[in-house]
There are 2 protein chains.
Amino acid sequence: MVDSATQSGTVSGFFFGIILKFVFALLAVVKFVRSFYFQSTYRVEALTLSPHKTPQIIRNDVTKLSKVPRHIAVILDRKQKHVEGGGVEGLLSDVGEVAAWCIGAGASELTVYERTGVLKSLPLQDVYNAIEDRLRMYFGNSSSATFKIFNRQNDGTKSLGPSAAGSADPKLLINLISESNGRKLIVDVTRVLSDMVAQNVTSPKDITLDVIDRQLKERIGSEPDLLIMFSSEIDLQGYPPWHIRVTEIYCSPANNGNVSYLVFMKALHAFATAKFKLGR
Amino acid sequence: MVDSATQSGTVSGFFFGIILKFVFALLAVVKFVRSFYFQSTYRVEALTLSPHKTPQIIRNDVTKLSKVPRHIAVILDRKQKHVEGGGVEGLLSDVGEVAAWCIGAGASELTVYERTGVLKSLPLQDVYNAIEDRLRMYFGNSSSATFKIFNRQNDGTKSLGPSAAGSADPKLLINLISESNGRKLIVDVTRVLSDMVAQNVTSPKDITLDVIDRQLKERIGSEPDLLIMFSSEIDLQGYPPWHIRVTEIYCSPANNGNVSYLVFMKALHAFATAKFKLGR
């Protein structure tokens, strides 16, 4: 089946191949120099390895960025119970860490997507306490790390904020979402709108992109500026599809699923250096 | 503002940093060996550089894969006119190349997403002829490279297939889609369904995920198994959001936007070695 054209391609391909491999070697060297540069620019190792968690390190890293996302979304996985950092406890500690990094970086909204909805099924007070404990490791008892948490359900949102009366606006809003806030939410909104049509509250021709957009945002919040995946492959896992049209998506092929500050900083770096996207 | 905890972190961080940099050097070597291996496994250079385009090379590459996607989607950009491979001609030649690779690889459906819809605005016969010309470079005049092309509009699809009467089923179905098949299609479907509710054809509670899914698929085809981006950053550009829930998404950070066989093969390789995803 191998004809003569393929044969001659094999011979010339061999020599071209050697040249190409040389180019690939050069690329690998360039990549190494770049990662070396990244490591020296940001004090990633200091935060990862230092026993003293301090927001100052994050703040120092962030000042090197030309812009910081206002709204960050992350996709988290519950790891198996017997693994280090696994189970619900591991997941809650991941949420707390990311929340601390977000406050440190100056983002004001964080959306946590966990496909199965295990976070949303926990008592909201438990989630709140777990995050608060984690933030205390970074910020002490200071009032600079206040937050409000939202359990996003398609038929209504429960929230929990700082308990002290008369306290200032929280520094970070945290949305908990899951697979049911994805396609199913679009179905629910379609049903709500057609219900309104049936009751003559609205007419089909008044159903516009803006109307649907508003309905969806009311239920799960605004569109994130940056979506961070900690998996090595791009896997949206059913993340609310409507909401990532102009979102910058970051995935680190070198990462193995660990929720690490290195990946977080790399994502922020990519966001700051990304080209302007149409529609943003 | 730098307290003593940060200072001690700086010193210990320095030594830890050296260790980390050594690890990164090792990773770069591993990466180089892997890319070397990839280049030798697949005859990428042969097809890219050989003057004889032959489907045999693609077929040889594909036999090394454990599975091949049935439906492949690609996001293509129209490059500026004065650039090599730019303008509408460059775009059409890209579509033809990808179609040839798909047929060579044994995929049976190809969805081409071009955000602005320039492909859909061309006379369908012109697009058909351009693809046919390109396929002839690979397959000659053989009947092994027949295809049918669909211009997907939200209010109806135009199609064009092999002209000879009584010809066999086409080898490849090609869908042309654009930004208007994205969010706007969901709005249109919502409007259609609420219209049906207004006319008492259906009731709001009968609007289920399956109903919406069917309505959407009727208009833009099935969900792709693999979505290939040729940009260096993950950028969905408004790709129909409903349709990528379980799609494997591939993006090559090393690529610069060129529609190359190397990226195509890397994507197929990633698809074949990807973990099983929930819901697929």
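Guide: Happy to! One term first: pLDDT is the predictor's confidence in each residue, from 0 to 100. You will need that term here, since this is a predicted model.

Visitor: What makes residues 1–6 of chain A a stretch to read with care?

Guide: Over residues 1–6 of chain A, pLDDT stays under 50. Where pLDDT is low, the predicted coordinates should not be read in detail. The model has 6 contacts beyond four places in sequence for that stretch. For chain A as a whole, the mean pLDDT is 82, and 80% of the residues reach 70 or more.

Visitor: What is chain A made of?

Guide: Chain A has 9 helices and 7 strands. It has 280 residues, of which 51% count as buried. If you take the contacts in chain A between residues at least 6 apart in sequence, 70% join residues at least 24 apart.

Visitor: Why is the pair Lys79(A) and Asp94(A) called a salt bridge?

Guide: Side chains of opposite charge can pair when their charged atoms come close. The rule asks for a side-chain nitrogen of Lys or Arg within 4 Å of a carboxyl oxygen of Asp or Glu. In Lys79(A) and Asp94(A) the closest N and O atoms are 3.7 Å apart, so the pair meets the 4 Å cut-off. Lys79(A) sits in the loop between β1 and α4 of chain A, while Asp94(A) is in helix α4, 15 residues apart.

Visitor: Which chains does the salt bridge of Glu223(B) and Arg183(A) link?

Guide: The side chains of Glu223(B) and Arg183(A) meet at 3.3 Å, N to O. This pair crosses between chains, from the loop between α8 and β6 of chain B to helix α7 of chain A. Both Glu223(B) and Arg183(A) are buried. They also belong to a network of salt bridges that links Arg183(A), Asp213(B), Lys217(B) and Glu223(B).

Visitor: What does the salt bridge between Arg115(B) and Glu179(B) tie together?

Guide: The side chains of Arg115(B) and Glu179(B) meet at 3.3 Å, N to O. Arg115(B) lies in the loop between β2 and α5 of chain B, and Glu179(B) in the loop between β5 and α7, so the pair ties together parts that are 64 residues apart in sequence. Arg115(B), at 21%, counts as partly exposed, and Glu179(B), at 31%, counts as partly exposed too.

Visitor: How many salt bridges are there over all chains?

Guide: A search of the whole structure finds 22.

Visitor: What lines the largest cavity?

Guide: The largest cavity has a volume of about 80 Å³. Residues from both chains line it, including Arg183(A), Leu236(A), Tyr239(A), Trp242(B) and Arg245(B). By class, its lining has 7 nonpolar, 1 polar and 2 charged residues. The second largest cavity has a volume of about 70 Å³, and among its lining residues are Ile75(A), Asp77(A), Phe230(A) and Gln237(A). The lining of that second cavity has 5 nonpolar, 3 polar and 2 charged residues.

Visitor: What makes Asn200(B) and Gln237(B) worth a look?

Guide: Asn200(B) has a positive phi of about 60° although it is not a glycine. Gln237(B), likewise not a glycine, has a positive phi near 55°. Asn200(B) is in the loop between α7 and α8 of chain B, and Gln237(B) is in the loop between β6 and β7 of chain B. At 71% relative accessibility, Asn200(B) is over the 50% cut-off and so counts as exposed. Gln237(B), at 14%, is under 20% and therefore counts as buried.

Visitor: Why is Gln215(B) called buried?

Guide: Its relative accessibility is 15%, under the 20% cut-off, so Gln215(B) counts as buried. Gln215(B) is found in helix α8 of chain B. Leaving aside neighbours within four places in sequence, Gln215(B) is in contact with Val189(B), Val192(B) and Leu193(B).

Terms used
Residues are numbered from 1 along each chain as its sequence is written. Chains are lettered from A and ligands numbered from 1 in the order in which they are written. Side-chain values use heavy atoms; hydrogens and water are left out. Helices (H or I, at least four residues) and strands (E, at least two) are DSSP runs, numbered from the N terminus. Buried means under 20% relative accessible area, exposed over 50%, partly exposed in between (1.4 Å probe, protein chains only). On a 1 Å grid over the protein atoms alone, a cavity is a set of points where a 1.4 Å probe fits but cannot get out, and a pocket is an open set with protein on both sides within 12 Å along at least five of seven lines; lining residues have an atom within 4 Å of a point. Grid points are joined across faces, edges and corners, and a volume is the space filled by probe spheres set on the points. Ala, Val, Leu, Ile, Met, Phe, Trp, Tyr, Cys and Pro count as nonpolar, Asp, Glu, Lys and Arg as charged, and the others, Gly among them, as polar. Contact means heavy atoms within 4.5 Å.
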